[in-house]
Amino acid sequence: MQVTQIASCRSYESWLSYDLIFEWEDILAQHLAIPIVNIDLPKRTGILSRFRYHRYGRKLSSLLQKPPLKIFYNSFSHLQRSPNQYSLIFDLAVNYHPSRADRHDIIPVIVDFWKNTSLDDFYTYYRNCKVVLISSLEAYSYLLKVGCPLPVAHYPLSLPDYYRFSDTTLYQKQYDIILAGRTNDVLLGYVELYSAKYPQVEILSRITLEEEFYYTSNVQGLIGKVHTRTEYIALLQASRIALYSTPGMDDGVARSGGFNPVTPRYLEMLSAQCLLLGRYPDNEETAFYEVASVCPHINSYEEFEQTINEYLQLATAPLATYQAILEKHYTSCRASQLQAILDRY
């Protein structure tokens, strides 16, 4: 079985989470020497029909138009259908896509598979796929345990090679602590206590203004808009300490159903040379990414305060350890891993 192209939604999907996916696509296409083909929204159709192809529209379609209802809406007509030739496509979550009814030549990569995902829907939506790639090792093991009838394989998330740092790379740190993206409530509570006690320590946190992301400092006030991958990575690189938590910890249980996949943010923080501390479970997923070796798990405010104060005295992070971990998880590594998976089918 061979992937002959990557089907990308970059022609119409502008949500920030997809920027990372597009970087994965670019690197995989380069290393596999295959083209990226844009999935085009259907033309000469009404607004409601077009809406179904957007991420929110697909969620609605998954509720209102479930198989075995035949939907002969096919925006993939330009994709090859030859035997043993397949199109790789990243699905941010398990969602019904009207253009994929009865398709067999798509190899999907499920980026977020939560424990509260409907298994019946998952089995139905991907019933014709030769293999379904699951990014989370925890979710993959869960599917095997419940007797998933679909052929599934573990295909872990990665860090785009663009962010590899060399032995001579040393980022200049301007800020003390950064709370990047969605923040764990327990860690946030510790930060508030710490900031009250040590107001001179500069802490950055994300806020939303007029539906756009900005970062603010407890010392300087508003830093500015951070709405691109370049701006986000630059801010990480300028921060000495970063807090990390897996999605299902503490207040995140409702969102993930209890699954705790290690997200690309962990790898991004390592590549930005941030010192880490956070909250995560001890499971096969965190062991796979060696989280415990570089990110102490924090159970109390006292432990949080002590770790932060120790970090502030360090000149740099353990960069050799970071490099050793990252070398296993660059997107270029996933190209050969993908081919190894396909060779089994």
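Helix 7 (residues 229-237) and helix 9 (residues 264-271) pack with their axes 9 Å apart, at an angle of about 55 degrees. Helices here are DSSP runs of H or I with at least four residues, strands are runs of E with at least two, and both are numbered from the N terminus. Axes are lines fitted to C-alpha atoms, for helices over the stretch in contact, and angles run from 0 to 180 degrees between N-to-C directions. The angle therefore makes helix 7 oblique to helix 9; angles under 35 degrees count as roughly parallel, over 145 as roughly antiparallel, 65 to 115 as roughly perpendicular, and the rest as oblique.

The model is predicted, so local features need pLDDT of at least 70 and side-chain atom pairs count only at pLDDT 80 or more, while totals for chains, interfaces and linings use all residues. Residues are numbered from 1 along each chain as its sequence is written, and side-chain values use heavy atoms, with hydrogens and water left out.

The crossing of helix 7 and helix 9 is right-handed; a crossing has this hand if the near helix is turned clockwise from the far one by less than a right angle, and is left-handed if anticlockwise. On the helix 7 side, Arg229, Tyr232, Ile233 and Leu236 meet Arg265, Glu268 and Met269 of helix 9, contact being defined as heavy atoms within 4.5 Å. By class, this contact has four nonpolar, no polar and three charged residues. Ala, Val, Leu, Ile, Met, Phe, Trp, Tyr, Cys and Pro count as nonpolar, Asp, Glu, Lys and Arg as charged, and the others, Gly among them, as polar.

Helix 6 (residues 185-197) and helix 11 have axes 10 Å apart and pack at an angle of about 60 degrees, which makes helix 6 oblique to helix 11. Helix 6 passes helix 11 in a right-handed crossing. Tyr190, Val191, Leu193, Tyr194 and Lys197 in helix 6 meet Tyr301, Phe304, Glu305, Ile308 and Asn309 in helix 11. Seven nonpolar, one polar and two charged residues make up this contact.

Helix 11 (residues 301-311) also lies across strand 7, strand 11 (239-245) and strand 12, running at about 170 degrees to strand 12. These strands belong to an open sheet of six strands with the order 10-9-8-7-11-12 and mixed pairing; two strands pair if DSSP finds at least two bridges between them. Strand 10 (221-225) and strand 12 (275-279) stand at the edges with a single partner strand each, so one side of each is left without a neighbour in the sheet. The twist averages 30 degrees from one strand to the next.

Within this sheet, strand 7 (residues 175-179) and strand 8 (residues 203-209) pair in the parallel sense over three bridges, and Ile177 stands opposite Ile203 in strand 8. Strand 9 (residues 212-217) is joined to strand 10 by four bridges and the two run antiparallel; Ser217 stands opposite Gly221 in strand 10. A hairpin of three residues links strand 9 to strand 10.

The other sheet is open, with six strands in the order 2-1-3-4-5-6 and parallel pairing. Its edges are strand 2 (36-38) and strand 6 (152-154), each with a single partner strand, so one side of each lacks a neighbour in the sheet. Strand 5 (residues 132-134) and strand 6 run parallel, joined by three bridges, and Ile134 has His154 in strand 6 as its bridge partner. Helix 1 (residues 17-32) packs on this sheet, touching strand 1 (2-8), strand 2, strand 3 (85-93) and strand 4 (106-112), and its direction makes about 160 degrees with that of strand 3.
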